Structures are given as C-alpha cells and as structure tokens.
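Please keep the sequence and the structure in view while reading.

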Amino acid sequence: MLDQTTDRTTDRPTDRPTDRPGAPVPHRTPGARTAPLPLLAVWLLTRLWLVPAALKISPFVGGGGLDPSVSKVYTGWYAVLSGGSFPLHDVSWQYPPGAALPVLAPGLVPGLDYGHAFIVLAALCDAAVFALLLWAARRRGRSLAAPWLWTVGLAVLSTMPWNRFDLHVTALAILALVAATARRAWADRAFGAVTAAAAVVKVWPALLLAGTSRGSRTRTAWTAAAVTGAAVTAGFALAMPNAFSFLAAQESRGIQIESVGSLPFHVARHFGWSGTWAAKDGSHEFVGPWVHGVSITMQISTVLAFGWLLWWRRRSDRTAARVLPDAALTATLLFVVTSRVISPQYLVWLIGLAAVCLLRGDTTQRPVALLILAACLFTTLDFPLLYRGLRDHASWLSIANLYVRNLLLLAAAWLSARRLWRGTVPARRPV
C-alpha cells in the first residue's frame, strides 16, 4: 500500500510504501504506461467533428457563421480593447482586466480573421490540456480517468467550450494544480502565481487556494498569488483606463434564467406570475415580483458557503496531496450552485477540476465527477437545443431538463462537500 509521507529534503508529501493498517490504496491501472490508443482515437475523432461544427462548415450544423459569442461579442470587445481601453459602457463586460488577454490573443494569429483565429487557439488550448492530463496520468502510472473525463466531457458539451474563453482559464487552473504536485521548492510559488494569473482573467480560480496545507506552503502559495495578482492588475490599470469598470456591472446582476434560483419562476410562469425575462446585464434574467428577494437569498447562500469553507479549513487535515484539487472542486461547485448565474461554460470549469482530482487514485471526488459529466449532457440539451423553449415559451420539456441539470449540480455540490469533510476532518472522540 501507499501512504503520503514527507520528503525531508523538500518538505513535500511523497508516495512511499507503508504497512499502516487502513491506509488508502491509490487506484492504479496496470496498463496506464502502455500506449493509450483508444483514448487517443476517441479524442481525435471527437475533435475532428468539433472543428467543422465550430467553424460552421459541417453539413449537419447549418449556416449562419460563427457562434455569436465570438463573431459579435468578442469581436466587439476586441475592437475596443485593441484601441487601448476597456469597454466602459458595455454591461456585458463583467470580467477582471486580465480577461483582455484571451480576447486580444486571436489578433496575433497571422492569416486568419478574428473569429477563426479564436477557434484555432481554443482548439490548441483543448489539445494542450489533454496532453497535460495524459502526461500527468502516465508519469506515475495512474489511471487514465482524468484525460478520459476531459475528452468525453468537452465532447458532450459540443462546440460551446471552443466558443468561450473559459477554456483558457480552465487550462491555467489545471496547470496550477498539476504544478503544485511537483516535488520541487518552486512548486508552491508556481501554483500561487499561475492561480493568480487565472483569477485575474476570471475570479473563480482564486478558489484553488482553499485547499492549501497549513504552515509554510499556504504562506508561500498565497504570497505568490497576492504579488502576482497585484502586479498584473496594476499593470493593466496603468496601461489601460477603465480597468475596474466590471465591478459596477457585477453589482446589478439578477437571477439568470438557467441558475438554481430561477427554478421556481419557470414553474410560476404557468400559474399566473406577472414577471417575465429580459435581456439584462449581458444575459437573460428574470424581472418581476420576488426576483429581488431570491437574488438576496442566493447571495446569502454564497456567504454561507464561504463560511463553511472557512470552518472546513479550521478543522481539516490538509497534508495529503489529494486535498488541494478535491477542495478546489468542492469550493467551485458550492459557488456555482449558489450563484445568481449558471452559464453553460461553467461546466468547463467543473470538468477540468474534476479531471485533476481523478489524477489521484485516493481522491474523494470520483462519484462527483460522474455527476458533473451527467450534468454536461443536460447542459447541452438546455443550451442551445432547448434554450428558446425555456426562455420564450417556458415549455415543460425545457423546464424539466433544467431541473434535472440543476439538481445534478446540487447533488454534486452536496456530495463533494460531504466526501471532502469526511476525508479530511478527524472524527471527534468522546473525552
């Protein structure tokens, strides 16, 4: 059996044999070091389908050009950002200043227009994440569950991940968590710095810091994250005006029609509720009676989730290497289900974090990963297939699909938190 002990030369946990009764047995696959031909074949086939589908050149997709997120929204932001300023009066710009980087990057690709360059960079990012997960799994002879989950999960989400820069942020988050496992003195600093770089693009990767172990490793990682985040943010603030305009847009967010908080309103529309939906703050949100109250409730639930994380950190033993990715997934799930917005691209975050958890055989999150994968299927059914029926007609089929998706996410969040607590918090013994 294997147990997590400490390498005295690096003060980092290592896998070493132990005879201690009850020690967790990491899941290993005997053939993990052999050529993963079925995995490579599935990844290649699914991506070969995604390329024409994303570029809208497949006979099964239809015409109409690229996804509007790329052809209209991102292209419009690029025009403003390339002029040296952040979009001040665009309510759909609700991101930290680092989000300018993935939006501006396609402009550096020679020979392609902006939309096609964005798809190409997203495809390369997808391939890089797959290669990183495959390398990390084979490096220690681990199961190939992590690259399998990434391959299947993104294929189930169809072309949506390639049409959002959330894929780039998720890649940085995965890189940070993989770097944290390196048995080198620089690993904690690299983890903190890459985590901060991702959080400056989208805030949620800051949750990766929730599972850092006590003592010097937390101080090192958090200090590196604070210094990197402050430096990058200050650089943008000095170089481009309106770097913090996104804060005002975030304050006015309401209940988006795909969030957990929207569920009662979809049913209420069939029973005389006088509210409706509106294109507001860059998304489709409910407006009308009781909406503000539910919005406040969701914000309170987010605060309670944060309080639970603090309580867990106070009580938990976080020395095992698996705790860092497990806690990152739990924290992100809690904040997704308590958010006033659940956009389809949030599932890209969850698939990426769950894949990193599966790199370790002793992870507590294996059944959670399956729930997230199931939620991906209903997310694709919701958007784009059933979205118009949900928004415009409140059809019972689209409502039922949304209920299933959100209940799967709620179950995943509850199970993730429960298994993380049981796997890290020592049971209290009677005095």
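At the start of H4, which residue has a side-chain oxygen that reaches to the backbone nitrogen of Gly115? In this predicted model, the residue is Asp113, whose side-chain oxygen comes to within 3.1 Å of that backbone nitrogen. Helix H4 itself covers residues 114-139, and its 26 residues reach 37 Å from the first C-alpha to the last, close to the 38 Å expected at 1.5 Å a residue. Just after H4, Gly141 takes a positive phi of about 70°.

**The chain as a whole**

The secondary structure of the protein chain amounts to 16 helices and five strands.

**Cysteines**

With a disulfide taken as a pair of cysteine sulfur atoms within 2.5 Å, the count for this model is zero. Cys357 counts as buried because its relative accessibility is 1%, and Cys376, with a relative accessible area of 0%, is buried as well.

**Aromatic pairs**

A search of the whole structure finds 19 aromatic pairs, and two of them are set out here.

| Pair | Centre to centre | Angle between planes | Class |
|---|---|---|---|
| Trp308 and Trp421 | 6.0 Å | 40° | tilted |
| Phe383 and Tyr387 | 5.3 Å | 85° | edge-to-face |

Why does the pair of Trp308 and Trp421 tie together parts that are 113 residues apart in sequence? Trp308 lies in helix H11 (residues 291-315), whereas Trp421 lies in helix H16 (residues 396-424), so the pair joins parts of the chain with that separation. Trp308 is partly exposed, because its relative accessibility is 25%, and Trp421, with a relative accessible area of 23%, is likewise partly exposed.

Elsewhere, ring pairs link Tyr74, Trp77, Tyr78, Phe86, Trp93, Tyr95, Tyr114, Phe118, Phe165 and Phe236 into a cluster. Two members of this cluster, Tyr114 and Phe118, carry numbers that fall within the residues 114-139 of helix H4.

How values were computed:
Residues are numbered from 1 along each chain as its sequence is written. This is a predicted model: local features need pLDDT of at least 70, side-chain atom pairs count only at pLDDT 80 or more; totals for chains, interfaces and linings use all residues. Side-chain values use heavy atoms; hydrogens and water are left out. Helices (H or I, at least four residues) and strands (E, at least two) are DSSP runs, numbered from the N terminus. The expected span of a helix is 1.5 Å times one less than its number of residues. A polar contact is a pair of N or O atoms within 3.5 Å; within protein, one must be able to donate a hydrogen and the other to accept it, and residues adjacent in sequence count only if both atoms are side-chain atoms. Buried means under 20% relative accessible area, exposed over 50%, partly exposed in between (1.4 Å probe, protein chains only). Rings of Phe, Tyr and Trp (its six-membered ring) pair if their centres lie within 6.5 Å; planes under 30 degrees apart count as stacked, over 60 as edge-to-face and the rest as tilted.
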